Amino acid sequence: MKNKFLIVIIVLVVVLALIKIFFLSPKQDLAGGPQNNKKPIALVRVVTVKSANVQSTIILSANILANEEVNLKPEAGGKIIELLITEGSKVQKGQLLVKTNDANLQAQLKKMIVQQKLATEKEQRLKQLLSIKGISQDEYDSALSALNAASADVELLKAQIQDTEIRAPFDGTVGLKNVSLGSYVSPADIIASVQQLNPLKIDFTVPQKNASQVHIGDTVFISMEGNAKKIIGKIYAFDPKIDANSRSLRVRALINNSKNEIFPGSYAQVSLVLKSENSVVIPSMAVIPDLRGQKTYVIHNGKADLVFIETGVRTDSTIEVIKGLNSGDTVVTEGI
């Protein structure tokens, strides 16, 4: 009886062992290794690449200048006998502003006009005599030369008298005067300034690497401390060469100042849009820095392939891709 009971126990142990081996143990290949050697699936978040308008903008320091500006100085020294300047007033081109003493020149001019008249009468008489062979050609030529000299002296004195006048060279606004009526001034003295305040010039410099992207007619946006208004200007000129000291290109733009709200000499900042075009854009988190450049993972048939890319303009959340991706590609953004 005991032998039968022992045999039953042994059979049960063998059956349990076989069940464990064939049904509960992981399947093995013929070499004894695991039959399933696949890597675990990685869960990632992806985004489809799209094209978007990309603007490349640089911020530059700028100076505001009057459209035209001149310091009023006398051509010759003298005493001011007329000072027709109202500080801060508008003047018209050609308007007389300052007159220095010209009494001596006026007296000389009157004398020379009389001499010119006499020389003219003599030349006319001798011309008639020459026509009837009453005098020689040399005598007439001498009279004509004296007339020309007298006329030249008259023109010279008129020019010297004109130098005693200072007139507005263009329409503008007169600044503060530095002299008073009756003062003696020399050519080195600045009497006042005249400035044309509308439009105004904006001077700034663009780094050499961006110089080729600047074009006549480009729009610039100007911001100034204490002025919250949006100021728009247009580039109208730039130097034909790069400055050798700063390695930058000097650029000039014009802005409207019809309300005289902006003053020359002010400091400003210029926002210059270097390009605005459709480009491939991806989230910043999809880009992986690498010693050889930038790279990202692109999904192809459920598999993530590593692709090196060339990037351009960066914003807070996106990066422009110049080379390596196409619109419609799928890139990994999370789970990298």
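Trainee: How many bridges join strand E3 to E8, and which way do the two run?
Mentor: Two bridges join E3, residues 78–83, to E8, and these strands run antiparallel. Two strands count as paired if DSSP finds at least two bridges between them. The names come from DSSP runs numbered from the N terminus, with at least four residues for helices (H or I) and at least two for strands (E).

Trainee: What am I working with here, and what are the cut-offs?
Mentor: This is a predicted model, in which local features need pLDDT of at least 70 and side-chain atom pairs count only at pLDDT 80 or more, while totals for chains, interfaces and linings use all residues. Residues are numbered from 1 along each chain as its sequence is written, and side-chain values use heavy atoms, with hydrogens and water left out.

Trainee: Back to E8. Which residue there is the bridge partner of Lys-79?
Mentor: Tyr-184 is the bridge partner of Lys-79 in E8.

Trainee: What order do the strands of that open sheet take?
Mentor: The order is E6-E5-E3-E8, four strands with antiparallel pairing. Strand E6 (165–167) and strand E8 (184–185) are the edge strands, each pairing on one side only.

Trainee: What do strands of a sheet pair through?
Mentor: Backbone hydrogen bonds, either parallel or antiparallel.

Trainee: Salt bridges next. How many does a search of the whole structure find?
Mentor: Seven. The criterion is a side-chain nitrogen of Lys or Arg within 4 Å of a carboxyl oxygen of Asp or Glu.

Trainee: Where does Arg-250 come in, and what is its partner?
Mentor: Arg-250 pairs with Asp-203, with 2.7 Å between the closest N and O atoms.

Trainee: Is Asp-203 buried or exposed?
Mentor: Asp-203 is buried, at 9% relative accessibility, whereas Arg-250 is partly exposed at 42%. Buried means under 20% relative accessible area, exposed over 50%, and partly exposed in between, using a 1.4 Å probe and protein chains only.

Trainee: And which residue does Glu-261 bridge to?
Mentor: Lys-229, at 3.2 Å between the closest N and O atoms. Glu-261 sits in the loop between E12 and strand E13 (267–283) and Lys-229 in strand E11 (residues 227–238), so this pair links parts that are 32 residues apart in sequence. Both ends are partly exposed, Glu-261 at 41% and Lys-229 at 47%.

Trainee: Which residues do salt bridges with shared partners join into one network?
Mentor: Lys-99, Asp-102, Glu-165 and Arg-167. Within that set, the side chains of Arg-167 and Glu-165 meet at 3.1 Å, N to O. Arg-167 is partly exposed with a relative accessible area of 40%, and Glu-165 is partly exposed at 25%.

Trainee: What about phi of Lys-133?
Mentor: Lys-133 is not a glycine, yet its phi is positive, about 65 degrees. It lies in the loop between helix H2 (103–131) and helix H3 (137–162) and is exposed at 74% relative accessibility. Asn-260 also has a positive phi, near 55 degrees. Asn-260 is in the loop between E12 and E13 and is partly exposed, at 34% relative accessible area.

Trainee: Where is Lys-93, and what is it in contact with?
Mentor: Lys-93 is in the loop between strand E4 (90–91) and strand E5 (96–100). Leaving aside neighbours within four places in sequence, its contacts are Ala-168, Pro-169, Phe-170 and Asp-171, where contact means heavy atoms within 4.5 Å. Lys-93 still counts as exposed, at 63% relative accessibility. Its C-alpha is 7.9 Å from that of Gly-172, 79 residues apart along the chain.

Trainee: Last one: what volume does the largest pocket have?
Mentor: About 240 Å³. A pocket here is an open set of points on a 1 Å grid over the protein atoms alone, where a 1.4 Å probe fits, with protein on both sides within 12 Å along at least five of seven lines; lining residues have an atom within 4 Å of a point. Points are joined across faces, edges and corners, and the volume is the space filled by probe spheres set on them.

Trainee: Which strands each supply at least two residues of the lining?
Mentor: Strand E15 (293–300) and strand E16 (303–314). The lining includes Tyr-297, Ile-299 and Lys-303.
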